[in-house]
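Here is a short walk through one structure. Keep the view open while you read.

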Amino acid sequence: MSSVHVRDLKKSYGHAPVLHGISLDIEDGEFVILVGPSGCGKSTLLRMIAGLEGVTAGEIRIGSRVVNNVPPKERDIAMVFQNYALYPHMTVAENMAFSLVLKRASKAEITQKVQQAAAILGLETMLDRHPKELSGGQRQRVAMGRAIVRDPKVFLFDEPLSNLDAKLRVQMRSEIKALHQRLKTTTIYVTHDQIEAMTMADRIVVMRGGVMEQMGTPLDLYDQPANLFVASFIGSPAMNQIPGSIGAKGFVADTGHVLPLPTSAVAQIGRSAVYGIRPEHMTLEPSGMPVRVKTVEPTGSETLLLTELSGPQTSIDITAVFRGRVAAAPGDTIHLQPDMAMVHLFDKETGHRIMA
Amino acid sequence: MAEVALDRESGGGPLRAMGGVIATPELATLRTAGSQAPGFGIRGWIRVLLADIRRDWQLYVLLAPMIIWFAVFLYTPMYGLQIAFKQYSLFRGIDGSPWVGFSNFVTLFNNEYFLRAIKNTLLISFYSLVFAFPMPVILALMFNEIQHNGFRKIAQTITYLPHFISVVIIAGLVINFLSPSSGIVNVLLAKMGFEKIYFLTIPDYFRPIFIGSNIWKEAGFESIIYLAAIAGINPALYESARIDGASRWQMMRYITIPSILPTVVIMLIIRIGNMIEVGFEYIVLLYQPATFETADVIATFIYRAGLQNNQYSIGAAAGLFNAVVAFILVYGANRLSRRVSQTSLW
Ligand SMILES: Nc1ncnc2c1ncn2[C@@H]1O[C@H](COP(=O)(O)OP(=O)(O)OP(=O)(O)O)[C@@H](O)[C@H]1O
Ligand SMILES: [Mg+2]
């Protein structure tokens, strides 16, 4: 187990910069998730930590040791790949034992470690099978088993669940989480699924375009998104964004409607801003903003309403979620009242959070 | 490509069973799935075939030229095979010649030169298998380890080139190289104070010369198929192995070689199936009566008997014998490989 420190890390392929200076400190035993849209550089960052990609500038430390020029096998890390990368001609047991065989571990030690990992992952009965005789979830487990037997300082996962169906994904999610709680190995995990990030991580790193947008606990990111990008990326359905400006009586949306603001925001009167309110933070009240219902999506436990706030010049889509059922039909007009304590304000130009 | 084939396997038509000559690790799956045609007996088979043609007629159109080629150039001439059992005479024609049963074969197997030809064929093939067969595999593995792209391309091209030279010219080159008067080998030998050797007249040198120059000519080109197999290996396996701590040598041993093994086995089967056919033209170009002792093979024997000495029936009998043995060899090799490596051609 070990901490991981990344300092001003940069990466370019030829002249194309991919990472623009990332700094992170990951504590010993922490489960950190890198999220962000496709192409933002998550895999690149992870592969640099693994040693599969060279460092253009900056520094990577594992524990106290700078590993910039240390080959992967000496970094004491284990990586689980998106397509598992199991050796197709080796059995499950051989796959898991491979790194130990290369280290010339004793037969007894290999058997013991493989058995132990197989027991943790429920693979005892499959040790003699080849990868092609396994289901996706089982392959996933073998890939993790291969990582576990090495007893590394750091686990690296690159979208390990993206090839699984939704149900299996939920199951493996909790298995990985349980595994981490049991082994307490520092883990860096890449995904572009924000639900995975929210449910599994101790801390989340949100990336975009090779830049780190915010790092924090899942609830920090949910409650205090640093900017519009994080606000829209974390939380599902995404936060509603209503452009407008801060007025004396509240937030004046571009549609002309006045929305409630906490009193602390009044100091900023006149400033152009974006009003952020999550779909789950609105109630149905006659005093709320009048919106026209476009679609109703009941999931059973919740009802999702896609609505439209219309003004003379523009109209804005607003999503709302309610527990239980709502008697609304497309075409109806309902009134949504934002919960004042849950309002976020962002600068219109920069997208940065305005402390309110 | 393989995935598509796998998907369609479930249809189980006759065409399925023929597919998958492409050597991939999935091959084993291809074979097992292909044999479960629904329906019974020949009629069921025909029904499935017709349904299959209706569904995938485009594929059958693509197949047609090959079938026609086989029918016209391979199956039609087979009609003439019967002269192996006849006392063939040019004037009476194939149908008019009298049947003589197996007497041509009896004559053949009492001919010590034919027995010598069999022995030579098998020996040349065996030594080729031992020395020439591994070369392209080794070459491909070596090319794969070359880091510098430009250098690798140049090296590959250089080794491919001899393949495109006509065998006649190759034979000319070899003869010139080894010529006792002006050949570079003998010039060097003379310079170093050795006696000149007339290589191509000495039976002991024939096999090494034949096999060695064949390696030079074909190894580079044959390495392409192994390079293709290597290119098909998932790169993540190497990354995973790097993290697991494998050196380049260990990656070759534990990943590259096992991954191309099915391809190697397929090539080996084809090679064993062709054991009994050695490069006929090349032998004819290189051998001379002085080296018949080691150089005369079944094909050259047939050529001399049938075409030079007009013993058509003997030639046909030898040819038929050759074909039967070849068939048994291919069949046996295929069975063997299925048992040993779960990989087979059909
Ligand atoms: N070998 C390479 N050569 C050139 N550019 C590359 C290379 N690998 C990645 N890139 C570029 O780097 C950027 C980041 O890629 P990366 O694979 O890290 O994205 P990602 O965040 O993992 O995306 P995804 O969620 O789709 O996996 C992309 O724009 C990609 O085009
Ligand atoms: Mg990625």
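This is a predicted model. Start in chain B, where two helices pack together: α11, residues 167–177, and α13, residues 203–231. Their axes lie 11 Å apart and form an angle of about 125°. The crossing of α11(B) past α13(B) is right-handed.

Now look at the side that each helix brings to the contact. From α11(B) come Ile170(B), Leu173(B) and Val174(B). They meet Ile209(B), Ser213(B), Trp216(B) and Lys217(B) of α13(B). Five of the residues in this contact are nonpolar, one is polar and one is charged.

Next, turn to the backbone of chain A. Which bond joins Ser236(A) and Pro237(A)? It is a cis peptide bond, with omega at about -5°. Pro237(A) sits in a loop of chain A, between α8 (228–233) and β11 (240–246).

Two other loop residues of chain A deserve a stop. Asp76(A) is not a glycine, yet its phi is positive, about 60°. Find Asp76(A) in the loop between β5 (65–66) and β6 (77–80). Ala85(A) is not a glycine either, and its phi is positive at about 50°. Ala85(A) belongs to the loop between β6 and α2 (92–102).

Are these two residues buried or exposed? Asp76(A) has a relative accessible area of 27%, so it is partly exposed. Ala85(A) has 1% relative accessibility, so it counts as buried.

Technical notes
Residues numbered from 1 in each chain as written. Chains lettered and ligands numbered in written order. Predicted model: local features only at pLDDT ≥ 70, side-chain atom pairs only at ≥ 80, totals over all residues. Heavy atoms only, no water. Axes fitted to C-alpha atoms, helices over the stretch in contact; angles between N-to-C directions. Helix = DSSP H or I, 4+ residues; strand = E, 2+ residues; numbered from the N terminus. Left-handed = near helix turned anticlockwise from the far one by under 90°. Contact = heavy atoms within 4.5 Å. Nonpolar A, V, L, I, M, F, W, Y, C, P; charged D, E, K, R; others polar. Buried < 20%, exposed > 50% of the residue type's maximum accessible area, 1.4 Å probe, protein only.
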